[in-house]
Amino acid sequence: MGILGLSKLIADVAPDAIKERELKHYFGRKVAIDASMCLYQFLIAVRSDGAQLTNVDGETTSHLLGTFYRTIRLVEQGVKPVYVFDGKPPEMKGGELAKRAEKREEAQKLLQQAEEAGNVEDIDKFNRRLVKVTKSHAAEAKQLLQLMGIPYIDAPCEAEAQCAALVKAGKVFATATEDMDALTFGSNVLLRRLTFSEARKMPVQEIHYDKVLEGLELDANQFIDLCILLGCDYTSSIKGIGPKRAMELIKLHRSLEKILENIDQKKFSIPENWNYKQARMLFQEPEIAVAEDIELKWSEPDEEGLVKFLCGDKQFSEERVRNGAKKLLKARNTSVQGRLDSFFKVLPNSNPSSKRKADHKKTPAKKGKTAGGSGKFHGKAK
């Protein structure tokens, strides 16, 4: 679910935090991708006649097709992806997971009714609502990524939290996901639509965390409280408080504790035993692998391994798989130089008057730290 209404709130109140870019803008950038979100997208979007793609045995292959070709597209544009997979969900997420299970159960009943009525449009709609990323989907995607030479990380808990940690540690440039809670976890840059199909012709949406805080006039902890008030996966929200009122209350009182002290609790229904403090702690101190200890390595694709994995039981076209492997290898060899600004950046002169006194003498540009890490990586966080 992410954070309810946050993207629209940012667009309305802090529009300077959002930029739209073409995919080629991210040439040479290392990006941490929320793998579960991607797999869900592929299971929803990669279809034939309204149904997921399968092999002759009825096993789903939509997630593999999507991962294979979308990753090739990213690499061809010079992007260096690292996929981050969810670990165990926090106990506090149980309520949200239970709600999702109820919705799937309801969708199953409605699907049965649509099938009995022969309503093709509703059959497709409810089939999509029943999509769920399984452990099997994730395991097959990891095997595919390894054969493609693309690193992946098994997060101990939430993938978005691990992605945010990688960004904050300078290991990658941004988090790529549709879930806005990557910002709540403090990811410096959030990329939305990065893995969308080219056919949708939608630019990448780049959201900057510092500009969000500046535009909303909040600090990091106040922003977390705002996100909890809007509605997150970890706890219920206060009925009757929408995005506009939530923003007003946070700006006025600056914390959830102060809000609870001052709002009319007869008018606004506070959830019983509201565990907002625990939710806040999950955003402030999430369970993650230490990002500084993670080293990332992109390697050459294993063409024969890919053919064996995808062209056997999975029934992919061997010619297309081999072409894909060659594209990966070519892109890797041509983009190895990386971005110019990952090697150095010109820093602004903090004392303009000293420049005038220098009598037109030029000083060399200062070098900044490299934007991403490199080195050995064994496919998952230790």
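I started with Asp181: it is buried, with a relative accessible area of 3%. For me, buried means under 20% relative accessible area, exposed over 50%, and partly exposed in between, using a 1.4 Å probe and protein chains only. Asp181 sits in helix H8, residues 181-184.

A note on the source: this is a predicted model, where local features need pLDDT of at least 70, side-chain atom pairs count only at pLDDT 80 or more, and totals for chains, interfaces and linings use all residues. Residues are numbered from 1 along each chain as its sequence is written, and side-chain values use heavy atoms, with hydrogens and water left out.

Next I looked up what Asp181 touches, leaving aside its neighbours within four places in sequence. Its contacts (heavy atoms within 4.5 Å) are Gly2, Ile3, Glu160, Asp233 and Phe283.

Then I zoomed out. I found 16 helices and 9 strands in the protein; these are DSSP runs, helices being H or I with at least four residues and strands E with at least two, numbered from the N terminus. Of the 382 residues, 47% are buried.

Last, a helix pair. The axes of H6 (residues 135-148) and H14 (residues 303-310) come within 8 Å and cross at roughly 155°. I take axes as lines fitted to C-alpha atoms over the stretch in contact, with angles from 0 to 180 degrees between N-to-C directions. So H6 is roughly antiparallel to H14, a label for angles over 145 degrees. On the H6 side I noted Glu140, Gln143, Leu144, Leu147 and Met148, and on the H14 side Gly305, Leu306, Phe309 and Leu310.

Key:
Parallel < 35°, antiparallel > 145°, perpendicular 65-115°, else oblique.
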